[in-house]
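Subject: Structure for your review

Dear colleague,

Please find the sequence and the structure below. My notes on what was found follow directly after them.

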Amino acid sequence: MSLVKAKKHLGQHFLTDKGIANRIVEALVNTDKYKQVLEVGPGMGILSDFLLQRKDLETYLIDIDTESFHFLNEKYPELGDRLINGDFLKLNFDDIFPDKFAIIGNFPYNISSQILFKILDNRNKVVEMVGMFQKEVAQRCAAPAGNKEYGILSVFLQAYYKIEYLFTVKPGTFNPPPKVHSAVIRLIRNEVEALDCDEKLFWRVVKAGFNQRRKTLRNAVSAVMPKDKMDDHIYFEKRAEQLTVADFVALTQHVSKLMAV
């Protein structure tokens, strides 16, 4: 089999360190909740080799790169329909996974936020995710309130998932090496089925708050409701980065009441 060439336009950086690949696969720990796992962008299969050794999991692979697909088809003929040549972002999970499942991957950095939002949109099916991201994105996902990395993505993900920053990965462990450090994080679905507020309003309030993160929420949230409807609630005097997920839920409840008056 001829090796697959990494393609810049697909953001491919193939992991070459088998020790790190094994650590990533071993980080799937919540397998009492699922039996199927989907690997995104397997490339030449360094993670897949370890995934397919796990007898507790039924592994699926998806790669948009036709060259990778043909390489993997030759390498793992036993996969059959479980090897998919397609775009993860356009994949209808219900067509393949009737029940809850996990996602794993060394994700293309140019679409990492889109991958995370797709997981969020399917949060009641995706109960665990272990993934390699650009270090800054990983830090942003796991950052607590009050941290300068804390932002929109942090709040949305932490509303529905427990997030752990597992370890940092140096550029030299990839081919070609990226210009940045990478990191592996784990998301495990929490017990929140639905937020205790209007979820659409919650998303609007969080986005408004962080879109003007240097301003107090009195000024930032004016994009959602008029200032003359606001009262002297303490949250309006704070900045978005100071509020936890629970605070944002409480703020959304309060905004909803004020808007109804």
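How many residue pairs are in polar contact between domain 1 and domain 2? The count is six, with both residues of each pair at pLDDT 80 or more. A polar contact is a pair of N or O atoms within 3.5 Å; within protein, one must be able to donate a hydrogen and the other to accept it, and residues adjacent in sequence count only if both atoms are side-chain atoms.

Some notes on conventions come before the details. The model is predicted, so local features need pLDDT of at least 70 and side-chain atom pairs count only at pLDDT 80 or more, while totals for chains, interfaces and linings use all residues. Residues are numbered from 1 along each chain as its sequence is written, and side-chain values use heavy atoms, with hydrogens and water left out.

The two domains

The domain assignment divides the chain into domain 1 (8-189) and domain 2 (199-260); such bounds come from an automatic or database domain assignment. The C-alpha centres of domain 1 and domain 2 are 33 Å apart. Contact, meaning heavy atoms within 4.5 Å, involves 15 residues of domain 1 and 15 residues of domain 2. About 1100 Å² is buried between domain 1 and domain 2, and carbon and sulfur atoms give 70% of this area. Buried area here is the accessible area (1.4 Å probe) that two parts lose on being put together, summed over both. Tyr150, Ile152 and Phe156 supply 43% of the area that domain 1 buries against domain 2, more than any other three residues.

The interface of domain 1 and domain 2 also holds one salt bridge, defined as a side-chain nitrogen of Lys or Arg within 4 Å of a carboxyl oxygen of Asp or Glu. On the side of domain 1 that touches domain 2, the elements that give two or more residues are helix H4 (112-121) and helix H6 (152-160). Helices (H or I, at least four residues) and strands (E, at least two) are DSSP runs, numbered from the N terminus. H6 gives the most to this side of domain 1, with six residues. The residues of this side divide into nine nonpolar, four polar and two charged. In that division, Ala, Val, Leu, Ile, Met, Phe, Trp, Tyr, Cys and Pro count as nonpolar, Asp, Glu, Lys and Arg as charged, and the others, Gly among them, as polar.

Salt bridges

Side chains of opposite charge can pair when their charged atoms come close. By the rule used here, the count comes to 12 salt bridges. In the following, buried means under 20% relative accessible area, exposed over 50%, and partly exposed in between (1.4 Å probe, protein chains only).

Glu199 forms a salt bridge with Arg123, the closest N and O atoms being 3.2 Å apart. This pair links distant parts of the chain, 76 residues apart: Glu199 is in helix H7 (residues 199-211), and Arg123 is in the loop between H4 and strand E6 (126-134). Glu199 is partly exposed at 21% relative accessibility, whereas Arg123 is buried at 15%.

Asp56 pairs with Arg54 in a salt bridge whose closest N and O atoms are 2.8 Å apart. Asp56 is partly exposed at 31%, and Arg54 is buried at 18%.

In the salt bridge of Glu241 with Arg239, the closest N and O atoms are 3.6 Å apart. Glu241 is buried at 17%, while Arg239 is partly exposed at 33%. Salt bridges that share partners also join Lys7, Asp65 and Glu67 into one network.

Individual residues

Asp65, a member of that network, is in the loop between strand E3 (58-63) and helix H3 (66-75). Asp65 is buried, with a relative accessible area of 5%. Leaving aside neighbours within four places in sequence, Asp65 is in contact with Val4, Lys7, Leu10, Gln12 and Asn85.

Ser154 lies in helix H6 and is buried at 0% relative accessibility. The side chain of Ser154 reaches the backbone nitrogen of Gly151 at 2.9 Å. Beyond neighbours within four places in sequence, Ser154 is in contact with Arg140, Cys141, Ala143 and Glu149.

Gly86 is found in the loop between strand E4 (83-85) and strand E5 (101-106). Not counting residues up to four places away in sequence, Gly86 touches Ile62, Asp63 and Ile64.

Yours sincerely
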